[in-house]
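Me: I am new to this structure and would like to learn how to read its features one at a time. Could we go slowly?

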Amino acid sequence: MKLGVIGAGAWGTALAQVAARGDAPVTLWAREPDVVSAINDIHENTGFLPGVRLSPTIRATDRLDDLAICDALLIVVPAQHVRSVLEQSDIGDKPLILCAKGIEAGTKRLVSDIAGEVHPQSPLAVLSGPTFAHEVAAGLPTAVTLACADESLGAALSDRIASATFRTYASTDVIGAEIGGAVKNVLAIACGVVEGAGLGLNARAALIARGFAEMTRFGLARGARAETLAGLAGLGDLVLTCSSTNSRNFSLGVGLGQGIAASALLSDRKTVAEGAATAPVLREAAHEAGIEMPLTEAVCALLDGAPLDAVMDALLQRPLRHEGV
Ligand SMILES: NC(=O)c1ccc[n+]([C@@H]2O[C@H](COP(=O)([O-])OP(=O)(O)OC[C@H]3O[C@@H](n4cnc5c(N)ncnc54)[C@H](O)[C@@H]3O)[C@@H](O)[C@H]2O)c1
Ligand SMILES: O=P(O)(O)OC[C@H](O)CO
């Protein structure tokens with residue numbers, strides 16, 4: 001199975017490296033011509049994944065037409081750009097493995113909804129889990145959820161992608177895998193705020209646990225399965241991104257917790273912190289469905305410029321409640 005990757009940020013590049021194991025040819029579409037030439041000339045994505053020597057069997061291109069030779073495509077552009085890139089791509093009925101973690105602003109669509117609207121003939125899978133790109137590219141042990149409604153296609157994709165150090169766990173719960181990845185980014189911002197404001201490790205643990213309850217409430221209401229949310233794509237990724245400044249979302253939160261304005265933290269960013277775009281649309285979707293998401297509300301308030309003291313007071317003065325989801 002010839003794989004192509006659309007999106008040559010840190011994650012698309014790391015996944016191309018995974019797909020190129022055993023010197024398999026991989027076509028990697030990058031938006032930036034300098035990224036294309038760096039990958040083809042010196043086998044390094046100096047812009048988005050510096051310091052990693054890439055397999056010479058990865059061929060970068062800035063022409064989406066060059067992906068026509070591929071049998072399946074990994075879609076790894078940020079969630080807010082998936083629609084426009086898919087609209088420009090002649091995909092036919094190739095399977096798409098969706099790897100972005102977010103919800104589309106305005107439409108409130110999950111990435112699988114977008115792909116289904118733009119390319120209804122393509123079978124869909126979602127790859128999600130605790131995966132810092134530089135660790136995956138370095139071949140460190142990693143496990144992900146690979147969710148696909150068609151179990152035989154899911155098994156074929158796993159056969160092609162998995163290795164001893166990149167373990168795929170099969171699921172048919174596409175929505176659950178997506179919601180886990182999208183919601184954890186918002187909660188990672190909140191955990192970063194706890195770190196940046198020096199609120200302590202107890203607060204961080206409480207936030208992870210109550211954040212998971214929030215993710216579960218939203219996920220179950222949208223048809224996700226509890227076991228998926230408690231797995232790699234949900235809790236696993238939440239724990240990873242709530243504990244390290246390697247997470248762009250966590251780092252954004254650290255800045256907010258230190259009192260730096262969101263506008264200053266987000267302007268001129270080259271890399272993506274998906275949670276900043278997902279938080280307001282997640283809040284809107286939760287309101288519409290009547291789901292309480294106080295931590296998401298708090299992140300939105302901070303992104304909108306509310307003072308941290310006021311946001312903390314609002315959270316800590318919420319009525320005491322039963323612990324269940
Ligand atoms: N980096 C990771 O460790 C990691 C791991 C798992 C999942 N993800 C997810 O993968 C997705 C991509 O993140 P990343 O880390 O590879 O990106 P990145 O932050 O490394 O790079 C930004 C990417 O956005 C692209 N981009 C910017 N503007 C664009 C536009 N108008 N149209 C199309 N593309 C545009 C750039 O070309 C680049 O590929 C995100 O949803 C992210 O949550 C990232
Ligand atoms: O750097 P972040 O916060 O986008 O997190 C990257 C991955 O999603 C971790 O699984």
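Me: Where is V272 found?

Reply: In this predicted model, V272 is found in the loop that runs between α12 (262-266) and α13 (274-289).

Me: Is V272 buried or exposed?

Reply: The general idea is to count the other C-beta atoms within 10 Å of a residue's own, and a residue with 20 or more of them is called buried. V272 has 23 C-beta neighbours inside 10 Å, and therefore V272 counts as buried.

Me: Which residues is V272 in contact with, leaving aside its neighbours within four places in sequence?

Reply: With those neighbours left aside, V272 is in contact with G9, P78 and R248.

Me: Which positions does UniProt give for the feature "binding site"?

Reply: An annotation of this kind may be inferred rather than shown by experiment. Here an unreviewed UniProt entry places "binding site" at W11, R31, K101, A133, R248, V272 and E274.

Me: Where does K101 lie, and is K101 buried or exposed?

Reply: K101 lies in the loop between β5 and α4, and because K101 has 30 C-beta neighbours inside 10 Å, it counts as buried. Not counting residues up to four places away in sequence, K101 touches A79, S128, G181, A182, N185 and E274.

Me: How many residues surround ligand 1, and which are the closest?

Reply: Ligand 1 is surrounded by 25 residues, of which the closest are G9, W11, A100, A133 and T271. Sorted by class, this shell holds 14 nonpolar, seven polar and four charged residues.

Me: Which helices and domains supply residues of the shell around ligand 1?

Reply: At least two residues of the shell come from each of α1 (10-19) and α3 (79-87), while domain 1 (3-172) and domain 2 (175-316) each give at least three.

Me: What phi does H43 have, and where is the place of H43?

Reply: The backbone angle phi can be read residue by residue, and H43 has a positive phi of about 55° although H43 is not a glycine. The place of H43 is in the loop between α2 (33-42) and β3 (58-61), and H43 counts as partly exposed because it has 15 C-beta neighbours inside 10 Å.

Me: What is the phi of K108, and where does K108 lie?

Reply: Phi of K108 is near 60°, which is a positive value in a residue other than glycine. K108 lies in the loop between β5 (96-98) and α4 (111-118), and with 13 C-beta neighbours inside 10 Å, K108 counts as partly exposed.

Note on methods. Residues are numbered from 1 along each chain as its sequence is written. Chains are lettered from A and ligands numbered from 1 in the order in which they are written. This is a predicted model: local features need pLDDT of at least 70, side-chain atom pairs count only at pLDDT 80 or more; totals for chains, interfaces and linings use all residues. A residue is near a molecule or strand if its C-beta atom, placed from the backbone, lies within 6 Å of it. Helices (H or I, at least four residues) and strands (E, at least two) are DSSP runs, numbered from the N terminus. Ala, Val, Leu, Ile, Met, Phe, Trp, Tyr, Cys and Pro count as nonpolar, Asp, Glu, Lys and Arg as charged, and the others, Gly among them, as polar. Domain bounds come from an automatic or database domain assignment. A residue is buried if 20 or more other C-beta atoms lie within 10 Å of its own, exposed if 12 or fewer, and partly exposed in between; C-beta atoms are placed from the backbone. Two residues are in contact if their C-beta atoms, placed from the backbone, lie within 7 Å.
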